[in-house]
Amino acid sequence: MPPDCTRVRDAVNGLQRECQRAKLTAQVSNRVNAVLELDETGQTLCIWYWPVQDDGGRVSPAELVAHQNSHQFRGPHCLCAFVDNCYPPGHCEAAIVMLTRGQNAGEYLACCTLSKCGYVVFMEQMHVSPGLPVKHYPRRGSDQPRPREVAFLDGNDIKLVDIMQRRQLRKDETHKTFDRLLKLDSFSRPGLTDEEFRRFLTQCCGCQLIMTRRMFERHDCLGKEDAGEVEVIDLTTEDD
């Protein structure tokens, strides 16, 4: 029997959307100088502005929830509206919780309340990041309602412990990358084999830039015309 075209199309669309969700999740987790959230369209990311006190100082992660009760602002939106793919998008506010175990115990993070979409931002590290976009939010009036409490419910799709393990894997991969780079310029048994080199580095067919395969997964190609003049440094010559 011929395959059901509708079911095949739905399966392909679902796979494509899951790939898009994974890409959005990676962009959120890898951003180091801004908190990203799902925008009002429910399809792309935008900046979430960190609140500041009257004196201009950033509100600490531990005080974010209390600051919501006194000021007109909310936590960042997670990616659940993108996962649900409904219109208009029903945005979900991320929960701000403190880790109680592991090497990051005591740190605050913003995460999906249902552990469903994979949204995670390490707020403790973001709080001290230079250039963090900030905003002074107005105070709530005495007659204005207070925001509802956002509870963290650990679901079954994407466990918080899995996110922590993936974060550790990224750290381990970073160390491996530096080890390979140092091996290229090592006095003791320098160099990489051809197979190691091909597993380590790759070249973008669009802009022709060479980079590690780990970074190529997040590479936004500008193309040859928009890449501009790229300075190539020859590392094979000796200094005068």
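V97 stands opposite L109 in β5. The model is predicted. Two topics follow: a sheet and a set of salt bridges. The sheet is open, has three strands and runs in the order β4-β5-β6. A search of the whole structure finds four salt bridges, among them R74 with E37, R139 with D54 and K116 with D84.

**The sheet**

- Pairing in the sheet β4-β5-β6 is antiparallel.
- β4 (95-98) and β6 stand at the edges. Each has a single partner strand, so one side of each lacks a neighbour in the sheet.
- Neighbouring strands of this sheet are turned by 25° against each other on average, with direction ignored.
- β4 and β5 are joined over four bridges, in the antiparallel sense.
- Strands of a sheet pair through backbone hydrogen bonds, either parallel or antiparallel.

**Salt bridge R74–E37**

- The side chains of R74 and E37 meet at 2.9 Å, N to O.
- R74 sits in the loop between α2 (64-70) and α3 (80-84), and E37 in strand β1 (residues 35-38), so the pair ties together parts 37 residues apart in sequence.
- R74 counts as partly exposed because its relative accessibility is 32%, a value between the 20% and 50% cut-offs.
- E37 is buried, with a relative accessible area of 5%. The cut-off for buried is under 20%.

**Salt bridge R139–D54**

- The closest N and O atoms of R139 and D54 are 3.7 Å apart. The salt-bridge criterion is within 4 Å.

**Salt bridge K116–D84**

- K116 and D84 form a salt bridge with their closest N and O atoms 2.7 Å apart.
- K116 belongs to the loop between β5 (108-111) and β6 (120-122), and D84 to helix α3, so the pair ties together parts 32 residues apart in sequence.
- K116 is partly exposed, at 25% relative accessibility.
- D84 is also partly exposed, at 38% relative accessibility.

**Background on charge pairing**

- Side chains of opposite charge can pair when their charged atoms come close.

Notes. Residues numbered from 1 in each chain as written. Predicted model: local features only at pLDDT ≥ 70, side-chain atom pairs only at ≥ 80, totals over all residues. Heavy atoms only, no water. Buried < 20%, exposed > 50% of the residue type's maximum accessible area, 1.4 Å probe, protein only. Pairing = 2+ DSSP bridges. Axes fitted to C-alpha atoms, helices over the stretch in contact; angles between N-to-C directions.
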